[in-house]
Amino acid sequence: MTKYSGKPAIVAQPQQQIFDKVSNLSSFQERLDSMPQEVKERLGDVKFTDDKIIINAPAVGQLVFAVTEKVAPERLKLSAENSPVPFFITLHFAPESETTTKVNSDLEVEIPMMLRPMVGGKLQEAANRFSEMFTTLFGS
């Protein structure tokens, strides 16, 4: 299993508050729907339900990630439902202060060694986009 860690993001909300919002993924959709078009385009074709993230990625197709583990208020894990290989996203929430939280994402995927150079950069970019998404949706 290869792990790609996103750039940490600092969000100006307490750890428990962020965890509660993220635990119900539909809160992302509400915020996303109210954003300007240029922000939506930067984040890409993403949709949220109560417990799933649906990403339409060029050259990959539709990826659906479902919540499979919650450890309040520290971690939320999502697993790919329709991936040909095991694929997980883990979101980590750590208090920076009483009013700010450090959010970090890890993407873990089982890919053959010979394919890593071809897809590794895209997976690292995806891990970094999760941090950007948190900063955009919940403020920095």
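Author: Asp106 is buried, at a relative accessible area of 8%; buried means under 20% relative accessible area, exposed over 50%, and partly exposed in between, with a 1.4 Å probe and protein chains only. This is a predicted model, where local features need pLDDT of at least 70 and side-chain atom pairs count only at pLDDT 80 or more, while totals for chains, interfaces and linings use all residues. Residues are numbered from 1 along each chain as its sequence is written, and side-chain values use heavy atoms, with hydrogens and water left out.

Reader: Ok, what does Asp106 form a salt bridge with?

Author: With Lys3, and the closest N and O atoms are 3.9 Å apart. The cut-off is a side-chain nitrogen of Lys or Arg within 4 Å of a carboxyl oxygen of Asp or Glu.

Reader: Where do Asp106 and Lys3 lie?

Author: Asp106 is in strand S8 (residues 101-109) and Lys3 in strand S1 (residues 2-5), so the pair ties together parts 103 residues apart in sequence. Strands here are DSSP runs of E, at least two residues, and helices are runs of H or I, at least four residues, both numbered from the N terminus.

Reader: How many salt bridges does a search of the whole structure find?

Author: The search finds 4. Among them is Glu81 with Lys52, at 3.4 Å between the closest N and O atoms. Glu81 lies in the loop between strand S6 (75-80) and strand S7 (87-95) and Lys52 in strand S4 (residues 52-57), so that pair ties together parts 29 residues apart in sequence.

Reader: Glu81 and Lys52, how accessible are they?

Author: Glu81 is partly exposed at 48% relative accessibility, and Lys52 is partly exposed too, at 26%. Another salt bridge joins Lys47 and Asp45, at 3.6 Å from N to O. Lys47 has a relative accessible area of 45% and Asp45 has 37%, so they count as partly exposed.

Reader: Switching to the strands. How do S5 and S6 run?

Author: Antiparallel, with 6 bridges joining S5 (residues 61-71) to S6; two strands pair if DSSP finds at least two bridges between them. A hairpin with 3 residues connects S5 to S6, and Ala66 has Ser79 in S6 as its bridge partner.

Reader: And what about S6 with S7?

Author: Antiparallel, over 5 bridges. They form a hairpin with 6 residues between them, and the partner of Arg75 in S7 is His92.

Reader: Zooming out, what's the order of elements?

Author: From the N terminus, β-β-α-α-α-β-β-β-β-β-β-α, which is 4 helices and 8 strands.

Reader: Last one: which residues make the nonpolar surface patch?

Author: Met114, Leu115, Met118 and Val119, with about 400 Å². Patch residues have over 30% relative accessible area and no salt bridge; like charges are joined within 9 Å, and nonpolar side chains (Val, Leu, Ile, Met, Phe, Trp, Tyr) within 5 Å. Areas come from the Shrake-Rupley method with a 1.4 Å probe, and for residues only the protein chains shown count as cover. Val119 is in helix H4 (residues 116-138) and is partly exposed, at 31% relative accessible area.
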